[in-house]
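Hi,

Here is the structure I promised to pass on. Please open it alongside this note; my findings follow below.

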Amino acid sequence: MKKSLPLLFDRPEKNMSVAALCYGVLCFWSFPFLMLFSAQGFTDPADLSWFELVYHAFNFGVAVWIFRDYLKDSFWNVKCDVKKIIKITAVCVGIMVVYSLAMWVLNFFPLPYQFYSAANGTLPVVEMELFNLTSYLIQVNPVFGTICVVILAPVSVSCLYYGATFAPFCSERPWLAYIMITVMLAIPRICNALTFWPPEEELALYLAQLPLHWIACAAYHKADTIWAPIIVHMTANLLSCITIFVMY
């Protein structure tokens, strides 16, 4: 007998997902232009990093506000089976780290610049890059950049992407959920490619980071709580930040 994928039972209410999708129009289209307009005249990377940090902090605040009740309720699933959550998240983080290291090896080959962007932009994962790769943000603003990618971005990514798009479909058609999150993740990249980032570089970053989002969604699906992808991204981003500090 053909087996079907298990359903996701822990999902946000429909109004939360709709609100997050509506905010996505501002988050991925309007706000980036506002940040770029506000940053005119600033050339120092350290100064530009603050505009990017404000952008991520605002997204975090909105994501928590929209999903605040769901985040509280979903945390009960973590409390009910801590060992299960630790096991699932540890496996997913391990896969992410191995994948990121494999991508980083591309730096040693004479390849087009897009491959180097993909190699150095795989981790840390944030909801959207504005001025530079996130790895460079960590270098120019170590303290607040680390706080941003380790604490703020994982919540924003998990809520605005997975909570809004993946969970609603995974509760009914899990196979469709992975397709929908693949489409959803392409939207910010298309916005960037049509405006201020080279399309080839955006495509390379999209393809490089897509498996990481699939892994995080699998953690969400397997653990049946949105806190699983949040923990996965927090841990993977923290490890990548430590690696950046050691190397650069």
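Helix α8 bends by about 30° at glutamine 209, and proline 211 follows within four residues. Bear in mind that this is a predicted model.

How far apart are the end C-alpha atoms of α8? They are 35 Å apart. The helix covers residues 199–223, and at 1.5 Å a residue its 25 residues should span 36 Å, so the two values agree. The rest of the structure largely encloses α8, because 18 of its 25 residues are buried. After the helix comes aspartate 224, with a positive phi near 60°.

**The cores**

The largest nonpolar core has 58 residues. Those touching the most other members are Tyr55, Phe67, Tyr161, Tyr162, Phe166, Ile181 and Tyr220. Several helices give two or more residues to this core, among them α2 (45–80), α6 (142–170) and α8. Take phenylalanine 67. Beyond its neighbours within four places in sequence, it is in contact with Pro12, Met16, Ala20, Cys159, Gly163 and Ala164. A second, separate core has seven residues, including Val150, Ala153, Cys241 and Ile244.

**The whole chain**

The protein chain has nine helices and zero strands. Its radius of gyration is 17 Å; a compact globule of 248 residues would have one near 18 Å, so the chain agrees with that expectation. The C-alpha trace spans about 55 × 40 × 30 Å along its principal axes. Of the 248 residues, 51% count as buried. The accessible surface comes to about 12100 Å², and 73% of that belongs to carbon and sulfur atoms.

Best wishes

Conventions. Residues are numbered from 1 along each chain as its sequence is written. This is a predicted model: local features need pLDDT of at least 70, side-chain atom pairs count only at pLDDT 80 or more; totals for chains, interfaces and linings use all residues. Side-chain values use heavy atoms; hydrogens and water are left out. The expected span of a helix is 1.5 Å times one less than its number of residues. The bend at a residue is the angle between axes fitted to the seven residues ending there and the seven starting there. Buried means under 20% relative accessible area, exposed over 50%, partly exposed in between (1.4 Å probe, protein chains only). A nonpolar core is a set of buried Ala, Val, Leu, Ile, Met, Phe, Trp, Tyr and Cys residues joined through side-chain atoms within 4.5 Å. Contact means heavy atoms within 4.5 Å. The radius of gyration is taken over C-alpha atoms; the globule rule is 2.2 Å times the number of residues to the power 0.38. Accessible areas come from the Shrake-Rupley method with a 1.4 Å probe; for residues, only the protein chains shown count as cover.
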